[in-house]
Amino acid sequence: MNKKNDLDKKIKGIEEVYDRYLNKLRKLKLEQDEIVVDFIKELESKKIEEYKKSINF
Amino acid sequence: MKIENKNINENENLEKMDNNQESSETISEDLDKFAEEVINDIESSSKKAVEGSVKNFKSSIEAIGGEEEKIEEGTNLLNKINEEIETDALEAKKSVEEIYEGKSEVRNNKIKNDYSPEELDKLRKIKKEEYGDSLVKEYHKGAETLEEHETAQLKAYEALQVKVDAGIVKPDSIGTDMLNYLDLREKESNSVENTEEMMTEINNELNSFIEKGFINQEEKELIFGESEKFLNIYKEAYPDADLNKMYSVVNDNSRKLAYQTERDKQVFSGSDHGTRHILEGNMNMADKMLESLGDKVSAKDKVIVHQIIIDHDLGYTVGVAQAEKSFNASKDHPLFSTKFVEDNKDYYIDKFGEDVYEAIKDGILQHSYVKSEYGTSRDEEKGFNYETIRSITSTVDALGVTAEIKCPAFFREPAAVEILQKIKLYSDTNEEGLGDEQMDKYKKQLHAIADKEPSAKRKESFHNAIDNQFNSFTVDTTLGQYTGVMKDVKIEEKNGKLVPRIKMDISRAQALLGDFFGDKLAFKSFIKAMEDFNMPKDIFTDMAEKVSAIRETEDPEKKEKLIKELEYSQDNVIFDFSPDFSEGSSKMDNVFSNLEKLSVRGDINKLLRNIEKQESVDSSMITDLTANLMASVGEKLDEEDMVRLIEIRSEIISNAADNDKLKESLKKLKYFRSKKEKDFMNIN
């Protein structure tokens, strides 16, 4: 029974570590997405401004 | 089993683990497989995230004509995050390997959450009869000294295991029950980046509890305030604790407080066991005591005091303690709270260390037995002073006797207190007492008040509590809480020893409750507090006499002298009573003064007490005494009442010489009810 408990504990322990890792990974990926979106937005608005200028808008 | 990653079929593995019949060999094989798969997934998911981000970014920016410079700028930003991803993956892999190889001690760093909704439901259905007698009551029989009580409590705790094994009470279910009632079972645990984010998460969660009707705004503010305080002392006591550990303990404490507040509305035990008792009462007083001790207390002392106070009454939430009329089980709540801590030993050791775990557990178990020992030194190795912690936590709990820190939410409303007055007045003016039928009528009135509660959840709890928990004990206890106001508590030196000085005000309601329902009720809160410090019983008589003399005397010098005498001290405590007759709250004072204006009870009881005091009586003495009564009740009676009272008076005077007949006539006076009183009590 004790051996079973030890193994159970190990599985739970690994589960906790994994859980934490995945949560953090999810968060960091969101931050990356934000960076990409910000850059795209910035470039697009810059292009729109340039286009406006080119047609003397 | 909360991992969602689809690459790993760990659900299947873990389900197998739950099967007790399964051999450890099979589990061992599954562990090998599980650990390997987790490590592989950490490697592949981190690699994918790192490589994918830069690749996707480049292609997106190129597609819309972004320049090389811009791509480099964005790549640098993304690479910073990538570095973090790689570090996290390495650390996670290392931790998994260490756990797998047994190099790192695995602690269950979460509060146990092992019960199914069906199992919780079953526990909520356990009846008081199944629990039987209170272990605390049984084992403390004959115990007088503090040492005897502490030993008895340890024995009672040992005996609890039989009831736990029989499945009658399961304190290890509290964690699951908490998540269940707070609707958090499906909520994923978030990780946070900094303490600011942590507090935002906790604040958001508390706000969601308000939306769901578990707590109200005022309770939320109190809980959030405690979370901020706890975070600061925890950071000071455990400077090396990582952010997630801090988040976990502060968030769990916030949940425990919300849970106890929500569950408390289910019962009318006569006392609050939610934020009012825990935070406005015990924690507030404990902070004052800690402050008065200055640098004699460490950050760890403060953490332990706070944790004991947060956890000490968790035992009240278990199914059988909340069952109908389950007074025996609820008396044993310190045993259940302690068992909860022991059942979550790994969690507590993970958050506080082994020594502190022991201190928290013992402090909770003994919290009802007042210790007053502030002269010992801190154990430098452990970093805390257990005697001081034990003394503070038990002292503040004993002082939870007055309305502003102990009265349940429902009875903080004048309309509810008015019904308590009706019940008390009815039972005191009826020879047979209250009776079930009349009690049901008053319960209906309480239900009508409960109906006005805006939160549906809380409304349901109040109805449930009125039906299952409300009784005459609730009435006496609640009214008794309005007799005093706890003003201050601090530690000071007396004859070279540190002792607590407790300052309590006597409220305006106290006089009325004394006149109407006797000194037993009027001094209830003071007696309860002083008894816990083992003060001699004759003090109460002396106090009652002095308070009454202070009220009656017109002489300022005499008054001042008597007030100074209202300080009672012994080697473990100083009680300092101030007869300012301060207002608890003006709206509540109105409820008490309204009763005083309409009822003749105070006048009649005064006469009865006067007659009782006389060694012998004759008709002329009775004539004089009753004349005072007739003079004082005039405005409170209509003509018919007056005629009836005159008849009773004549009977008392004519029976003055015959003791038995006099007793019978005085009984008629005792049970005399005026029209105004009957109207107030809603009877014909």
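Tutor: One term is needed before we begin: helices here are DSSP runs of H or I with at least four residues, numbered from the N terminus. Please also bear in mind that this is a predicted model.

To judge its surroundings, we count C-beta atoms; a residue is buried with 20 or more others within 10 Å, exposed with 12 or fewer, and partly exposed in between. B:Asn534 has 14 other C-beta atoms within 10 Å, and it is therefore partly exposed.

B:Asp183 is not a glycine either, and its phi is positive, at about 60 degrees. Its loop runs between α8 (174–181) and α9 (195–211) of chain B. B:Asp183 counts as exposed because 12 other C-beta atoms lie within 10 Å.

Chain B contains 34 helices and four strands. Along the principal axes, its C-alpha atoms fill a box of roughly 110 × 60 × 60 Å. Of the 684 residues in chain B, 41% are buried. Consider next the contacts in chain B between residues at least 6 apart in sequence: 71% of them join residues at least 24 apart.

The domain assignment divides chain B into domain 1 (10–101), domain 2 (117–398), domain 3 (409–467), domain 4 (484–591) and domain 5 (599–681). Between the C-alpha centres of domain 2 and domain 5 of chain B there is a distance of 52 Å.

A pair of helices shows how elements of chain B can meet. The axes of α13 (residues 299–311) and α18 (residues 386–398) of chain B come within 10 Å of each other and cross at roughly 35 degrees. The crossing of α13(B) past α18(B) is right-handed. On the side of α13(B), the contact is made by B:Asp301, B:Ile304, B:Val305, B:Ile308 and B:Ile309, while α18(B) contributes B:Thr388, B:Ile389, B:Ile392 and B:Thr393. Sorted by class, this contact has six nonpolar, two polar and one charged residues.

There remains the partner chain. Chain A has one helix and zero strands, and its C-alpha trace spans about 80 × 5 × 5 Å along the principal axes. Its radius of gyration is 25 Å, whereas a compact globule of 57 residues would have one near 10 Å. Buried residues account for 26% of the 57 residues in chain A.

Where the two chains touch, 32 residues come from chain A and 43 residues from chain B. On the side of chain B, the elements giving two or more residues are α1 (10–18), α2 (24–63) and α3 (68–101). The largest share of that side, 16 residues, belongs to α2(B). By class, the side of chain B that touches chain A has 22 nonpolar, 17 polar and four charged residues.

Key: Residues numbered from 1 in each chain as written. Chains lettered and ligands numbered in written order. Predicted model: local features only at pLDDT ≥ 70, side-chain atom pairs only at ≥ 80, totals over all residues. Rg over C-alpha atoms; globule rule 2.2 N^0.38 Å. Contact = placed C-beta atoms within 7 Å. Nonpolar A, V, L, I, M, F, W, Y, C, P; charged D, E, K, R; others polar. Domains from an automatic or database assignment. Axes fitted to C-alpha atoms, helices over the stretch in contact; angles between N-to-C directions. Left-handed = near helix turned anticlockwise from the far one by under 90°.
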